Amino acid sequence: MSPAASDRPSAVPSDRLSRSGLRRRLGVLGAALLLPYAAVLARLLDWQVARGAEHAARAEANTRDLEVLAPIRGEIRDATGVLLAGETPVFGLEVVAGATLPAPALREAVAGILGVPPAEAARLLRRGDRDARVAARVARERAFATVLARLASLVSIPERDLLARAAEAEGRIVRREENALARGIARALEGEGSVEAARAREAARTAAAAACEAHAAAQAAGARGGGEPVLLAGDPAPAAAISRARGEALAGAMPGEPAARERLDRAVRTLAAAAEARRAAALRYEPLTLIPEATEEQWLAVDVRGGEDLPGVRVAERGRRRYPLGAVAAQLLGSISFPGLRAVPTGQGGEGADEYEAMEEEGVFRRDLEGVLEAEDYQELERRSAFRRAFALGRTGVEAAADRDLRGRLGVRVTERDAQGRRLRDLLVAPPQAGAPVRLTIRADLQAAAEKALRRPFRPGALPNGGTRPVAPPPEVRRAAAVLLEVRTGAILACASAPGHDANALVPPVSPEAARVLFDPEGPGPTLHRASQGLYPPGSVWKVVVASALLADGRGSDAFD
């Protein structure tokens, strides 16, 4: 064999090496392809097997948040299309006290305070253990304070101011429920017909005032260092103080006759238990308005930071009524407000009922959501008094006359949230329906001219017949009315009244200062629409009616000789 032949490498080992390298490469590639599937499988085993119970508990802790969506109130325009009343979208900030500490977090907080496992804390809370209830109250107060502190720094408002606004809103809820209870007690006494029953009816109103005073005192007594008022939602001690003050005010005026006293006592206990349950639910679930009209920076910051950072705080979008022309046709257009505590007839005499309760009984809110919500969800909204600020009602003027058309229809949103209050998804969204527009026959330019003429002071001066003009009162207190008709159709082109006011001053919430000036019984009555509500002798205008009647009767000009 030649040296050249002996130096040449064998082909067989080379082929083996290439095949083994290929197998190694294929093995590495297969492992790389299977690795993601193995990771997914391991993750699934971890979620489904190792941590399945934990995730099931979290899923059970998810909550359904029910929110009523308010409709946009319809526009009011004049005969030429000029906007007289419309809606401006505003964004407010609200807090739901019961949502600042979700149930899972409450169990953990109570467990930490009592030094027991979360499962034991949950069992104690279910049993109504006294220590657990006290711990729950402390935990809720801490959570609420924490949420308000975060919100205060986010919207650049002192925490004390936010807390005072929330406490004021809570006070309104207590007054509302106590006054409703007083009316219920009065209705329960309608059949007694005695002087003692009349005294008890008066005592029911006194008891409502005493209960409200007890609530205010409990707020002051529970104030933290620094003098801030505190919220009392979920605190049994103030509830007991309120009940005790109410009972003491009623005890001295109960009917002396044993049977009547026993009947009233049973009725009061039943009514009081229902009122306290409503109050507790309202304090836990009814939104407390902190900022009625937030700036864009404020509500955007909350919208971005919401969820886990600010549980219970939400941005509420609503329409605010606006009257672009201000004082023009203010009394004619009228005013609006939310369903409140004004007494309305019940059909059985007596004190009447809460207007909101009367609307519930009539099915006003149910009609709008019929076929949209399940019965249990609707009952939950009723329990939370969620419809109290659902939409405004027309009170006077065109706003009241066309209220059913302008009001629109309610909507609703059902949202799923996790245990930390973070929004997961919308389960149901039924958008509200805007109210219908209303077109009037008046013309804004003629209305403004008529009101300007009424504001012009009279001056003494010669009349064509040699008489003099009467001197009017000073312009600022002048009272007058004017109506301009289209003679061919009878359409009202202007319907003015003086003195007037800016219609925007009565858009809720109405400031105490504006209410004091506009509704001062000793004042000039700027909210009175004298053209339709005033009573005046017809004067010489009646001569036209008499003359027309004589001419229609065929008497002709002889009747005027």
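Where in the chain is the place of Ala 329? Ala 329 sits in the loop between strand 5 (313–322) and helix 12 (330–333). Helices (H or I, at least four residues) and strands (E, at least two) are DSSP runs, numbered from the N terminus.

Some ground rules. This is a predicted model, where local features need pLDDT of at least 70, side-chain atom pairs count only at pLDDT 80 or more, and totals for chains, interfaces and linings use all residues. Residues are numbered from 1 along each chain as its sequence is written, and side-chain values use heavy atoms, with hydrogens and water left out.

Back to Ala 329. Its phi is positive, about 60°, although Ala 329 is not a glycine. Ala 329 is buried, at 1% relative accessible area. Buried means under 20%, exposed over 50%, and partly exposed in between, with a 1.4 Å probe and protein chains only.

Ser 156 also has a positive phi, near 60°, and is not a glycine. Ser 156 lies in the loop between helix 6 (130–155) and helix 7 (159–188). With 66% relative accessibility, Ser 156 counts as exposed.

Next, Arg 407. Helix 17 (residues 403–407) contains Arg 407. Is Arg 407 buried or exposed? Arg 407 is buried, with a relative accessible area of 13%. Leaving aside neighbours within four places in sequence, Arg 407 is in contact with several residues, including Pro 71, Phe 391 and Gly 435. Contact means heavy atoms within 4.5 Å.

Last, the whole protein. The secondary structure comes to 21 helices and 14 strands. Of the 561 residues, 38% are buried.
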